Amino acid sequence: MQATKRHIWNGVIREFYDLLPGIKDDSIVTLREGNTPLIEVLTMGDLFGKGIRIFLKYEGLNPTASFKDRGMTMAVSKAKEEGSHAVICASTGNTSASAAAYAARGGLRAYVLIPEGKIALGKLSQAMMHGATVIQVEGNFDDALAIVKEVSNTYPVTLVNSINPYRIEGQKTAAFEVCSHLGYAPTYHFLPVGNAGNITAYWRGYKEFREKGIIDTLPKMMGFEAEGAAPIVRGYPIKNPETVASAIRIGNPSSWENAVKARDESGGVIDMVSDDEIINAYKLLAKEGVFCEPASAASLAGVIKMHKNDIFKSGDTIVCTLTGHGLKDPDTAIKSSDKPVSVEAELSKVVRVLGF
Ligand SMILES: *Cc1c(COP(=O)(O)O)cnc(C)c1O
């Protein structure tokens with residue numbers, strides 16, 4: 001047999017070159033992010049009835065296991081092109097993991113500020129392993145973001161939070177992939193909302209495909225905050241946001257206005273789900289064979305909530321973005337599951353436990 005050379009995915013900057021801000025090829029810092037699977041839900045038919053198709057955009061399969069890599073390849077590449085030697089971010093975890101990895105890859109230093117004791121273990125381990133300077137602040141994400149903005153205004157270091165416009169540019173490529181995989185735009189696009197960069201990015205991506213005539217219709221954008229961290233839904237910043245979904249534990253989102261615009265222009269909603277609804281959806285997804293982190297499950301929790309409001313029609317296509325991989329947060333996974341049974345290493349005892 002002869003090995004056939006197939007197209008190998010080159011990462012979002014090279015694959016979507018004409019749809020992104022220009023960049024010199026030798027500045028591109030990539031780990032071949034993107035090209036994540038769109039997985040159709042098979043086991044939840046009873047929940048939603050016939051004629052409605054639900055797809056999961058499994059962003060946990062990016063190089064650092066969250067969608068942040070799509071924006072980080074752009075932001076770090078641009079920082080490199082502009083001659084910057086260091087990047088800085090505030091993070092609920094995944095931005096720091098991604099910044100640390102892409103900075104390492106590009107030969108830049110990374111400084112990350114995280115809320116002390118509040119980020120999932122997998123994410124912390126990534127930032128540490130990739131050699132970032134990790135600073136835990138005694139405060140929340142919003143406090144950390146205010147500090148890194150100041151630092152980047154004053155010192156020679158590039159801010160790579162999603163207020164960096166290149167982050168949003170890179171992240172819009174996920175919408176391109178959804179359309180390319182389906183062959184059309186979905187009816188609804190559900191996603192969790194934290195700092196609200198991702199809902200902004202998807203909406204931009206869909207609109208650009210529409211302007212180019214690649215798709216005929218636009219989805220309704222359906223963003224879901226966690227009940228204890230729902231500033232957009234409530235209409236005011238939340239001082240002490242609280243939720244099990246640590247990636248969206250944000251009280252004053254940077255892209256607040258753009259999220260509202262995405263909702264209003266698309267005819268969608270921004271709503272909230274409780275921690276119980278999030279954990280329920282997280283477990284349903286695991287039963288489907290797809291392991292995501294709690295924040296990601298806010299998207300499916302949103303679908304379940306909207307189904308109760310009876311908004312879906314036969315023929316609707318729903319896409320849920322699963323923003324990060326479940327392995328990021330093993331503590332919540334273990335807390336949400338039955339404990340393994342302990343038994344002596346004896347055949348008869350094991351068989352009894354198995355119930356045969
Ligand atoms: C960053 C992040 C979010 C929130 O995305 P925003 O762009 O800040 O709204 C949701 N889920 C996960 C896993 C994330 O890492």
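Me: In which loop does A65 lie?
Reply: This is a predicted model, in which local features need pLDDT of at least 70 and side-chain atom pairs count only at pLDDT 80 or more, while totals for chains, interfaces and linings use all residues. Residues are numbered from 1 along each chain as its sequence is written, and side-chain values use heavy atoms, with hydrogens and water left out. Helices (H or I, at least four residues) and strands (E, at least two) are DSSP runs numbered from the N terminus. A65 is found in the loop between β2 (53-58) and α3 (68-81).

Me: Is A65 buried or exposed?
Reply: Most residues other than glycine have a negative phi. A65 is not a glycine, yet its phi is positive, about 75°. Buried means under 20% relative accessible area, exposed over 50%, and partly exposed in between (1.4 Å probe, protein chains only). With a relative accessible area of 17%, A65 is buried.

Me: What is the relative accessible area of D310?
Reply: D310, also not a glycine, has a positive phi of about 60°. Its place is the loop between α13 (294-308) and β10 (317-322). D310 is exposed, and its relative accessible area is 62%.

Me: Which are the edge strands of the open sheet of four strands?
Reply: Two strands pair if DSSP finds at least two bridges between them. The sheet has parallel pairing and the order β5-β4-β3-β6. Pairing on one side only marks the edge strands, β5 (133-137) and β6 (158-159).

Me: Which residue in β5 stands opposite P115?
Reply: Strand β4 (residues 109-115) runs parallel to β5, and five bridges join them. The residue opposite P115 is V137.
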